[in-house]
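Subject: Structure handover

Hello,

The structure is pasted below, followed by notes on what turned up in it. Please keep it with your own files.

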Amino acid sequence: MTGYDFPLAGARLTALGSGALWWAEQRLLCVSDLHLGKSERRIRRGGSALPPYETRDTLVRLAELIAILQPDTVVCLGDSFDDDAASRALPDAEKSQLAALTQNRRWIWIAGNHDPAPADLGGEQMAELHLAPLTFRHIADPAAAAEISGHYHPKARVRSTSRPCFLLDQSRLILPAFGTYTGGLRSSDPALTSLMQRDALAILTGAQALPVPMPR
Amino acid sequence: MSDTAPALPEAIENWFAARGWTIHPHQHAMLERAGAPCTLLIAPTGGGKTMAGFLPTLAELADGTHDGLHTLYISPLKALAADIKRNLRAPVEEIGLPIRIDDRTGDTPASRKKRQRADPPHILLTTPESLALLTSYEDAARTFKGLRRVVVDEIHALAESKRGDQLMLALARLQTLCPDLRRVGLSATVDDPQAIAGYLARHPDPCDIVLADPGPAPDIRMLETEAAPPWAGGGAAYAIPAVMEQIKAHRTTLIFHNTRAQAEIFFHNLWLANEDALPIGIHHGSLDRVQRERVEAAMVRGELRAIVCTGSLDLGIDWGDVDLVIQIGAPKNVKRLVQRIGRANHRYNAPSKALLVPANRFEVVECRAALEAVRENDLDGAPRGPGPRDVLCQHILIAACAGPFDAGELYAEMTQAGAYAGLTRPEFDACLTFCATGGYALKAYDQWQRLLQRPDGKWQLRDPRAAQRIRMNLGTIQDADLIKVRLMRSRGGKPLGEVEEAFAATLTTGDTFLIGGQTVRYEGLREMTVEVTRNPGKKPKIAVFSGSKFATSTQLSARILAMFKQDSWPALPRHTADWLELQREVSELPRAGRLLIESFPHDSREHICAYGFAGRNAQQTLGLLLTKRMEELGLDPLGFVATDYATLIWGLEEVTDPAPLLDPETLRDGLEGWLAGNAVMKRAFRGAATIAGLIERNTPGARKNGRQATFSSDILYDTLRKYDPDHLLMDITREEALRGLVDFGRIEEMLERTRGRITLRRLERISPLAAPLLLEVGKVPVKGAAEEKLLQQEAAALMRQSGLDQLPQ
C-alpha cells in the first residue's frame, strides 16, 4: 500500500497516493471533486472543445481503486459533476461505467457547490454524512471537528515540485481533487492557512503518499 | 490614380529639394514599381527604407481623390507604428498633402479603434495582431474598401515567426476583399532574399526584389578591457569601466543585451559606476509602457547619452544620432548582429561603429568568429519549413468570427500564403474539424460544436458569443504568464513593469529585485499584481524575465569549431588563447567531425560533458535524452546543464561507454518515448494548444479569481497522449519539437556531422573547457528514481525538524 496512515478523532484512516481516502475499519473509500463532464460544460458555454476523456479517465482510476480495495461504501464528497447539466449529459458508455460501479455497494453522493442536486445515477444523495466519529461534507465548516471535506483542491510545493495534497490537522482532513481536469489551490492561500491549525500536515499525492509540514 | 509608375508630384519633389535631399536610387526604383503586385526592398538600416515604401502611397494620394483606406502599414512593434506615424505626419503636414494617417495597436483607446473601423484613415499603421483582429469583424469588407497597398516593414523579422505566418494569412484574406491589393516588403539585409520574396507574395505571383546600396562596411571590433572576462555567466560586469569610457567618448551609445534580465543587471552596475551622472536610460519589453515611452521620447530629443536595451530596440525605430552600438554577450547570430550594428550612424553614409563585449571566456571565441563572419558577409539562416498548423486553426476561428465561410474558398485563400502553399486539403480539413468539434477520436458533444455547418454548406459559430472569447485569445506571441509590478502607496500605485508569474511565486516579503533599473522590495501579491516599495542600496535578487533565449546559429558554431583546428590563436586575447591551449594539453579541443565526450569525477559526483555544438536548445534536449537513457541504464543521473556548445551531466555512476547513449535510433526513440513526460515538450504543446484555440488564456471575468478555475495544460497533454495520441495537436507538437525549444533538428544535424565517431576522454579532474559549465545557471534536476528518493528524504527531514513526526499516530 502506498498510503499514509493517521488517526482522526479516533478513526484510523489512510491517505492514498492516488488522492483517495481509505477507512479500513468501515471498508469505506472516499473521493472528492471528480468534476465529471468538465469538458462538456466548457464547450456548452461557448469555449473550446477540451479532449473529452476526463470522465473516462477519472472513472477508470476510480474503478481500479475499487477493484483493489473492494469497499463496502464509496463516498463522493461533492462537485462530482461539473454542473447538473453535465451529469445529465453524461455519454451512455460512461453512464453504464458509473452504474456498474454504484452497484453492489453503498454509494453516497454528497452535494457540492457545483452540483447541489446530484443526478439520478444510482446511489444515495445527501447534504452530509455522519458516520461516527466522522462527518463528511463538501466544504469545511471552520467550527467543526472530526470532519472530512473537499472543495479546495489543495496542492503543496516541496523541492520545486507541486502536487495535489491532503491537508490534515487535529480537527479535519481536506481531500485533494480526484478528477482528471482539476487545478489546485496552493496550501499557502489564506483560505487554507486560516482554516488549518499551525501544526497541520500536507500529505502529497504521488507514487507514495508523503507527509510534510503544511507549506504556508 | 493609376497602376503605372506615378511621377512624384511637384510638391513632394520640392519638399525634398528644399531640404537638400535627393531621392535615393532605391526609392526611385520603388516608385517605378508602384504598380507591381509585389515588391521586396532590401536595404540597410537607415537607408530611407520606410520612405521608399511610402513614396508611391504619397504620390497616389496627393490629389486628394481617394476615399477611405489606401495603404496599410504593418510593423512587428507597436512603437515602430507610433514612430512612423510621427515621421510620416511631419512631411505630409509640411507639404500640405490631404492625407489622414493614424495608428492602431493594442495600446490604442477603444473609442478611437471603433471610429477607425467606421471611418478609416488613408494610411493605417498597425501590427499583425491588430490587423488579424480587424479582419475578424463582420464589417471588415467595409473597413478595407478601397485598400490599394500594404507595406510590411521589417519583414525579415516577421518571416521568422508565427506572427508573420498569421500576418500572411490575414493578407490572403485582404487580397480576397481587395483583389488589386499590391504588396511591398521592407527588409534588412538577409541571407536569402528569394525566400522572403516567396513568403511575401501571393502564391504563385512573382515578386520583384530591389537591392539598395549596402553602404560602407561597418567598423566593428571587440572591446579591449584591462580585466579578462570571467569564466561563465552573462553579466559582463567586468567591462563596466571600459563601456563607461566609450559612452563618454561618443554622442549616443546603444548597448544591446540578449536578455532582459541581463539588461537590468548591466544597467544597475552601469548606474553605480556613473560618477558623472550621465543621462542613461533602459528600455526592454517588460517595462511599463509609460516608462518605455518616456525613454523613447528622451532618446528622440537627443537627451540620452546611452540606452541599455534588448531586442525591443532591434527594429528600425529612428532614435536619432546613435554613433556607437555595443553588443554585450555573444551575438549568437550573425544576421542579427549586422542588423544591430546598422543602428549606428543611422543618417549618414558613413561606416557604422560597433563594439562586441564577450560576457565570458567562451564568448571571446564566439565574438571572434562572429567578427570574421561579418567581415566575409557570411549571414546565417535556416529554412523554416511549412506554415505551422496551430496558426492555421486560429485563422479559421478568426474567419468564423467575421461571418459564415465556405470551406473550399477559405482553403483556396489560405494556400495563397507562401508558407501554406503546400497545405493539402486533408490537412486543412483536419484543422477545420479541430476548430469545429475538437477532432477527437472519441466523438463527443455532438450538439455543442464550436463551428456548425449550415444547410447551405457554410460554416459558422454555433454560439455568437464565442467570437468575444476567440478575439480575446487572438495572437501567436507566447510570453510566459506575466503579472504587473506596482509601487505601493504612491497615488494608486505607479506601474513599473511586469515579471514572470513563476518568478513572482518564488518571492517572499522582504525579497528584493531589479526592475527598470531600480531595486524594489516585494511586499505582497494583491489581485494579480506584485506590490513593491523602493529599496535602494540593498543587493537585489535578480528578476527572471522570460525574454528570448537565442541559440548560437549553426553557421557560427561551425566557425568556432573551425577556429579550434588552428595551431595557435594570435587573433584571440592572450587569456583566451592560453585557456584553449591548456584544454588541448589536458584533453583535446572539440572537432566538427567527431563528438568529444569528457568524463571526470568532481565534487564526489561523476560527470560527463558532451561537446555537441548544437546550440543551447538542442544541447538542453540532448541533456534530457541522455539522462533519460542513463536512468534506464541505472547510471543514476542527478542533473545537467546546457550551453550553446556543450551539455554537462552529473550523477552517481561513471559512464564508460557513451556509444549506446548516443545511438541515433535510441535518441529518436527517446524523442518519441520521452514525449511522454517532458516539461519542454509540454511547453511546446501548451504553445500550440493556446495558438490553436484549445487553451484560452483569457476568458471573460476569469482572470481575477484564478483559483481552482484553471488546471495545467500538462493534464490535457497527458490525457491526449493516453487516449488520442494521433490527435492533430500532438502531431503539431511533434513538428514543433524539431525546431524552437526542443530543436531536435539540430541534434540530427550534429549526429549527421559526427556519424557515430565518438571520442571518450577519461580525465582525473574537470577540464578547462568544461569548468565554466559548472558555474552556469539553469541547472536541470533529473526527476527520476534519485529525485523521488531525495524528495522522500526531504519530507522526512522536514517532519523531523518540525517535530511533527513525534506526534501520536
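Over all chains, a search of the whole structure finds 62 salt bridges, a salt bridge being a side-chain nitrogen of Lys or Arg within 4 Å of a carboxyl oxygen of Asp or Glu. This is a predicted model, in which local features need pLDDT of at least 70 and side-chain atom pairs count only at pLDDT 80 or more, while totals for chains, interfaces and linings use all residues. Residues are numbered from 1 along each chain as its sequence is written, chains are lettered from A and ligands numbered from 1 in the order in which they are written, and side-chain values use heavy atoms, with hydrogens and water left out.

Some pairs from chain B follow, with their exposure (buried is under 20% relative accessible area, exposed is over 50%, partly exposed is in between; 1.4 Å probe, protein chains only).

- B:Asp463 and B:Arg465 form a salt bridge at 2.9 Å, N to O. B:Asp463 is buried at 9% relative accessibility, whereas B:Arg465 is exposed at 62%.
- B:Arg221 pairs with B:Asp219 in a salt bridge at 3.0 Å, N to O. B:Arg221 is partly exposed, at 47%, and B:Asp219 is also partly exposed, at 23%.
- B:Arg574 and B:Glu581 are joined by a salt bridge at 3.7 Å, N to O. B:Arg574 is exposed, with a relative accessible area of 53%, and B:Glu581 is partly exposed, with 29%.

In chain A, salt bridges with shared partners link A:Glu40, A:Arg41, A:Arg44, A:Asp82 and A:Asp83 into one network.

Regards
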